[in-house]
Amino acid sequence: MKAALYVHVPFCLRRCTYCDFNTYAGLLELRAAYVAALERELAWWAAEQPELEATTLYFGGGTPSLLTPEQVQAVIAAVRRRFALPEGAEVTLEANPGTVTCSSLESLRRGGVNRLSLGVQSADAAELRLLGRIHTWEEVVAAARAARQAGFDNLSLDLIFGLPGQTLSRWEQTLARVLALEPEHLSLYALTLEPGTPLAERVARGELPEPVPDLAAEMYESASRRLLEAGFWQYEISNWARGAASAQLLWDLPPGGRSEGCGPWVSHHNLAYWRMEPWLGVGAGAYSYLPGSRWRNLPHPADYIAALQAGRSCRVDVEPISHTLALGETMMMGLRLAEGVTDARFRARFGAGLETVYGEVLARFAALGLLEWDGRRVRLTARGRLLGNQVFGAFLL
Amino acid sequence: MDPKHIRNFSIIAHIDHGKSTLADRLLEITGTVDAREMSSHSQVLDSMDLEQEKGVTIKASAVQMHWVAADGEEYALNMIDTPGHVDFSYEVSRALAACEAAILVVDATQGIEAQTLANLYLALENDLEIVPVINKIDLATAQVDKVLLEVAELLGVPLDEVIPVSAKLGTNVEAVLQAIVTQAPPPAADVNAPLRAMIFDSHYDSYKGVVAYVRMREGWVSRKTTMLMMATGAKTEPIEVGIFTPEMLPVERLSAGEVGYIATGLKTVREARVGDTITDAHRPAAVPLAGYQPAKPMVFASLYPSEADDYVNLRDALDKLQLNDAALTFEPESSQALQFGFRCGFLGLFHMEIIQERLEREYDQNLIVTAPSVAYQILLRNGEELEIHRPADLPDPTIVEEVREPWMKVQIITPTDYIGAIMEILRRKRANFLLTETLDTRRVLMTFEVPLAEMVIDLHDRIKSATRGYASMDYAFDSYRPDDLVRVDVLVNKEPVDALAIIVHRDKAYARGSLLIRKMKEVIPRQLFEVPIQAVVGGKILARVNVQALRKDVLAKCYGGDVTRKRKLLEKQKAGKKRMKMLGNVIIPQEAFLAMLRLDED
Ligand SMILES: Nc1nc2c(ncn2[C@@H]2O[C@H](COP(=O)(O)OP(=O)(O)OP(=O)(O)O)[C@@H](O)[C@H]2O)c(=O)[nH]1
Ligand code: SF4
Ligand SMILES: [Mg+2]
């Protein structure tokens, strides 16, 4: 079986104000033991599923760039050895611009990382402070330059918009500055105020203005237009890749009707999630999905390390994924993509056509102008991209 | 038991003055409920979850205790704990009719309040012996001497007859029991006369049928008795007779003077009604006991199942609930917008809220509740008169001569500092101010007349907040009076929604109508298209607002680790939509129907 392989690195220097990920500040001394535990978990899986082959490898976090290049390299080597990760397969590492240097980037590149995803979030000093980021815009620019020098030809940048008090022009300025760095890939995320985060609490206390959803919609649409002009394909609700050929329209379908048609820079690893193909996650709190079930690892790195040291299972929250759930999830994830869900693939997977399973829902949302359904492929319309939640829910049976 | 050794009494007070807590202590010192059980559970007689959660008694509940008094004799003490909230005074009045005495509890930190007086007068109307008690003397803010004096003066009794206690700590509560034994008269009870038992409450049990709570007036009843319900004519043999301990405990027989229950086995409310007299079919009494005045609902609202299929379930639930809540009335109705449901009558807004919650919890109903309205009397041009219970039924103005609305007499006890604030609130409610009486140096009793329709909205809350909780309020129906009243219709997406119509004074039609639709706009979620909402009087549009079309609702980030969480989020949203109603294409949440309750005009 082929699967995308995810490695979680749950360490950060300081927690950002909006972040509710499974990550911890102040646990850096666990790194060595953590990497050893990762290697154990990989070994365990190799024994458990000898047929498993990794298609892509992705270091996510947290802040994976807090591992030493040697530690990253050791994990990559273990994956290559045990899961036959092909030469040239996509190996992504998420990096915080405040934690990289020319030499660390060079070592990472030499060690096998071929795609770098930098968490930029904003080009504005005040916004970076609001978000509690540990780096400045200048450090972002330096990190991007260093990445190029180190030989990274596949650079992705993450941005957040719709911040409390953010104006449309300030957002457009951030985007312009970021485009000047000529990334191959961009992820633009509308801010979600996650309950319990310091940012959400400041908004709740009235210290910061409530983000305005309609303004966020305008920012999104303005960015979509700007990126179209700049030669990017939007292949997912929040993801753009620079294209070999150019898209003609917003939310255009790439040549061949598959995301890969957008060019070489789409995130192949993430495509596996949206297509609900199997993935194996290792590390604290990582989720995995192999046919029939999904689970999570113990979230706290100390618990995770202890379990692996003791040879105990670190799996928790195992959720059987029934046929019915799988149908709904396939739609919920697949409709995020410009390529949508094709009847042929759906049929191959579930043994029944889209019309049979979802005829009424498809007709209803097509009539509302949120879905495009031609009997062979269903996907969101340009308007539907902004209203996905109104649509996805209807597909959960 | 010899009636000489029986005492029947209620505990009455203003809300929160400590009736149920005092009942706890009495249960404890009589050994009825053991102290261990008590420590894990306060207000044991508040047995409904809802009562425990809200810390408020909703149902009167009866219990029998045994206690050896100072004279060395053992007495059976039947106690009924009552609710303090004004909406439940019907419960109190029926409880009082089953007793010879009442413990009047007054909070030493608050003094006499509006329901202290209201419930005291109820007790006096029933010729009950009053045992006055000052509670919460353990609190630092207690003004024991002052409140003692107040209460002694009110009742015209010597100071030493008022018993100071701390129900919480148990201080001096034995004196209360002793006072009951010595001061309360034993029930006048003739065990040899033909059976007459008064049904003062009931509940439904799926095995035992209607369980009637009875005060035995004459004769006795056992499982062998063939009973006759004197009003309905239903005949049956009890499945069980017993007493409350507070659990139901079967006994051989119940005799005159006692309080207990009879499980009738009857399956419907209509056969064994609260207020009916039970007699022996083989040796019937000549005349029934005087029944209760049926409760007169003042506030009406419609209940609709959120899914039409649940209509029959809702009817069954209302049927059963009515057994346990004699003040609830309901009749089927249909609405263009909401299809089939029930128009229900309540004694007040709190009563309505409680019924709604009980239906949802105890009977698992998913409800849409419309805004409360009052009953209007209509005089038509042709001389015909009718009463309507919902605004949509107001006939065409061209055939209406006069519309009359109910007015209430409202009494408010307040510290003098807040007189101005209260006057201002009442002025905005079209109230007439009648008089102010001085209660003591610090407090006055103010009397107003207020249209009930104005009162239901939020009078009680406003007075509470304007006076930081220091004022208390009581009210009773006064009369129907004509006024210039019009119906404001609400159109959602151009379609009139009958359940949203309101009747208001013509002078307020514009202000209320436009405020109503603005409030609705706040709670109606943005939909996939723009939804206009209009307020209309007699076909003329007063005001309009638009619920803008939804532009953005999407999860920005959704990767492998998010699938489960995001799916659950969507599932929850979907379940949330079930609590909403589809009107045509428009989804309307429950709150929109109650927007009218939030019409504070400042
Ligand atoms: N300190 C103190 N608190 C008391 C005393 N008696 C009652 N309380 C508190 O007062 C509050 C109200 O008591 P309840 O016994 O529920 O009052 P109630 O009169 O039955 O209230 P309703 O049934 O809602 O009318 C509770 O929080 C009790 O703990 C007392 O003697 N001392
Ligand atoms: S760097 Fe990323 S993972 Fe770490 S705290 Fe900030 S947002 Fe969260
Ligand atoms: Mg109580």
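Predicted model: local features only at pLDDT ≥ 70, side-chain atom pairs only at ≥ 80, totals over all residues.
A residue is taken as buried here if 20 or more other C-beta atoms lie within 10 Å of its own. Since five of the five residues of β5(A) are buried, the strand is largely enclosed by the rest of the structure. Its partner is strand β4 (residues 53-61) of chain A, which runs parallel to β5(A) and is joined to it by three bridges. In one of these pairings, A:Tyr58 has A:Thr92 as its bridge partner.

Most residues other than glycine have a negative phi, and most peptide bonds are trans. The bond from A:Gly61 to A:Gly62 goes against that, being cis with omega near 15°; A:Gly62 sits in the loop between β4 and α2 (69-83) of chain A. Both glycines also belong to the shell around ligand 2, together with residues including A:Cys12, A:Cys16, A:Cys19, A:Arg15 and A:Asn96. By class, that shell comes to four nonpolar, six polar and one charged. Further along, in the loop between α2 and β5 of chain A, A:Ala84 has a positive phi of about 50° despite not being a glycine. A:Ala84 counts as partly exposed because it has 15 C-beta neighbours inside 10 Å. A:Asp317, in strand β14 (residues 315-320) of chain A, likewise has a positive phi, near 50°. With 12 other C-beta atoms within 10 Å, A:Asp317 is exposed.

Turning to where the chains meet, the contact draws 32 residues from chain A and 20 residues from chain B. On the chain A side, the elements giving two or more residues include β8 (185-190), α8 (213-229), α11 (323-334) and α15 (388-395). Of these, α15(A) gives the most, with five residues. The chain A side splits into 18 nonpolar, eight polar and six charged residues. One helix pair across the contact is worth a look: α11(A) and helix α13 (residues 563-578) of chain B have axes 11 Å apart and pack at an angle of about 100°, so α11(A) is roughly perpendicular to α13(B). Here A:Glu329, A:Met332 and A:Met333 meet B:Val563, B:Arg567 and B:Leu570.

Within chain B, eight strands form an open antiparallel sheet in the order β11-β10-β16-β7-β8-β15-β12-β13. The edges are β11 (235-236) and β13 (248-250) of chain B, each pairing on one side only. Helix α8 (residues 311-324) of chain B packs on this sheet, touching β7 (196-205) and β8 (209-218), and its direction makes about 140° with that of β7(B). At one end of the sheet order, three bridges join β12 (residues 240-244) of chain B to β13(B) in antiparallel fashion, with B:Gly242 opposite B:Pro250. The loop between β12 and β13 of chain B holds B:Pro246, and the bond from B:Thr245 to B:Pro246 is cis, with omega near 5°.

Finally, helix α1 (residues 19-29) of chain B is mostly covered, with nine of its 11 residues buried. Among them are B:Lys19, B:Asp24 and B:Arg25. Just after α1(B), B:Gly31 takes a positive phi of about 70°.

Key. Residues numbered from 1 in each chain as written. Chains lettered and ligands numbered in written order. Contact = placed C-beta atoms within 7 Å. Helix = DSSP H or I, 4+ residues; strand = E, 2+ residues; numbered from the N terminus. Nonpolar A, V, L, I, M, F, W, Y, C, P; charged D, E, K, R; others polar. Near = placed C-beta within 6 Å. Pairing = 2+ DSSP bridges. Axes fitted to C-alpha atoms, helices over the stretch in contact; angles between N-to-C directions. Parallel < 35°, antiparallel > 145°, perpendicular 65-115°, else oblique.
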